[in-house]
Amino acid sequence: MKSTEQKITIIGSGNIGLSLAKGLVKSGLYPANSITLTRRNLSGLAAYAEQGFLISNDNAEAVKNADIIVLAVLPQQVNKVLDQIKTAVNPDRQLFTSVVSGVTCKNIREKLFDQLQVVRVMPNTSIAIQESMTCIASDNASAESLKLVKEIFDTVGITIQINEELMTSATALCACGIAFFLRAIRAASQGGVEVGFHAKDALMMAAQTAKGAADLLLQLASHPEHEIDKVTSPKGCTIAGLNEMEHNGFSSAMIKGIKTSAKIAGELYTKE
Ligand SMILES: NC(=O)c1ccc[n+]([C@@H]2O[C@H](COP(=O)([O-])OP(=O)(O)OC[C@H]3O[C@@H](n4cnc5c(N)ncnc54)[C@H](OP(=O)(O)O)[C@@H]3O)[C@@H](O)[C@H]2O)c1
């Protein structure tokens, strides 16, 4: 079946669910009328209905005709939703994907069906501008299903397939990571204000500089230290500033933050 002939139901159409829906339509791979969006408060989806998406507050009804189900509610809402849709899910025909942090493929099968193919997906909020770093994992999906999920999420950024036990680590590095890099850019802009720029200019200058730094790595397949060596001349201002940051724990703070987020990400579904 071609992707354009498939029907997708997104259960829980909030930040991530709606960004995915928009990205899929923008890519031209799925028309809006092949995507059903659900949430409890339907008024929040009125604008999407006008754009041609199908909307529903009945999760069970919404999954019946789907080829691919995307679960995108908060971890604490998962059990209730899985109970609601159990009788409507067809484990032999449908592919189940979940973007929910901390919920394993096995957790989902235990609530639904043993033979259901489940793929976990961890995008980040850059999915809204088709720039997500999306990690994909499964413990039972076929190569064909994984290829299909990759094709879907390739429309909204870059994907990588990883082992499922690394999914909470991926949450910390890539999903929480958006906040870490944003705070770093904000901090740089605050430094920029101290050295003479208006706040608005400083933020734009810091953001574009961060984007350029990231693109040096992505487009040139370069290593950070290789690029850093190019801007650190002997006795120069860059190495002086960089070392001052390191003396204050710059790298260490980022590493410790990512480890803390990974620990908490692993407890989101199981901890009350
Ligand atoms: N935000 C991120 O950076 C990020 C990144 C990767 C993965 N995730 C994961 O993605 C999931 C969603 O995150 P989010 O930021 O998109 O959260 P969100 O904006 O709060 O979206 C959750 C949506 O679920 C809906 N919902 C709640 N209960 C429902 C139910 N019983 N039936 C149908 N819809 C229901 C809510 O709408 P109503 O209240 O109207 O029902 C809301 O629109 C989370 O599990 C999170 O772990 C998030």
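Predicted model: local features only at pLDDT ≥ 70, side-chain atom pairs only at ≥ 80, totals over all residues.
Trainee: How much of the chain do buried residues make up?

Mentor: Of the 272 residues in the chain, 40% are buried.

Trainee: Let's go to the ligand. Where does the ligand sit?

Mentor: You will find the ligand in the second largest pocket.

Trainee: How many residues surround the ligand there, and which are the closest?

Mentor: The ligand has 23 residues around it, and the closest are I16, R39, R40, V73 and S101.

Trainee: What kinds of residues are in that shell?

Mentor: The shell has 11 nonpolar residues, 10 polar ones and two charged ones.

Trainee: Which backbone atoms come up against oxygen atoms of the ligand?

Mentor: Let me take them one at a time. A polar backbone atom of R40 is 2.7 Å from an oxygen atom of the ligand. For G14, a backbone N or O atom lies 3.4 Å from a ligand oxygen. At S13, the distance from a polar backbone atom to an oxygen atom of the ligand is 3.5 Å.

Trainee: How much of the ligand does the protein cover?

Mentor: On its own, the ligand has 890 Å² of accessible area, and the protein covers 84% of that.

Trainee: New topic, backbone angles. Which residues have a positive phi although they are not glycines?

Mentor: Q130 is one of them, with a phi of about 55°. A221 is another, with a phi of about 50°.

Trainee: Where do Q130 and A221 lie?

Mentor: Both are in loops. Q130 is between β6 (117-122) and β7 (132-137), while A221 is between α9 (199-220) and α10 (224-231).

Trainee: Is A221 buried or exposed?

Mentor: A221 counts as exposed, because its relative accessibility is 68% and the cut-off for exposed is over 50%.

Trainee: Now Q6. Where is Q6, and is it buried or exposed?

Mentor: Q6 is in the segment before β1 (8-11). Its relative accessible area is 6%, so Q6 is buried, given that buried means under 20%.

Trainee: What does the side chain of Q6 make a polar contact with?

Mentor: The partner is the side chain of Y30, and the contact is 3.0 Å.

Trainee: What about T171, where is that found?

Mentor: T171 is part of helix α7, residues 167-175. T171 is buried too, with a relative accessible area of 5%.

Trainee: Which backbone oxygen lies by a polar atom of the T171 side chain?

Mentor: That is the backbone oxygen of M167, at 2.9 Å.

Trainee: Last one: where does T155 lie, and is T155 buried or exposed?

Mentor: Look in the loop between α6 (143-154) and β8 (157-161) for T155. With 15% relative accessibility, T155 counts as buried.

Trainee: How many residues apart are T155 and I69, and what is their C-alpha to C-alpha distance?

Mentor: In sequence they are 86 residues apart, and in space T155 and I69 are 17 Å apart, C-alpha to C-alpha.

Terms used. Residues numbered from 1 in each chain as written. Heavy atoms only, no water. Near = heavy atom within 4 Å. Polar contact = N/O pair within 3.5 Å; in protein donor to acceptor, adjacent residues only side chain to side chain. Areas by Shrake-Rupley, 256 points an atom, 1.4 Å probe, with all protein chains shown as cover. 1 Å grid on protein atoms, 1.4 Å probe; cavity = no way out; pocket = protein on both sides within 12 Å on 5 of 7 lines; lining within 4 Å. Sits in = over half its atoms within 2 Å of the grid points. Nonpolar A, V, L, I, M, F, W, Y, C, P; charged D, E, K, R; others polar. Helix = DSSP H or I, 4+ residues; strand = E, 2+ residues; numbered from the N terminus. Buried < 20%, exposed > 50% of the residue type's maximum accessible area, 1.4 Å probe, protein only.
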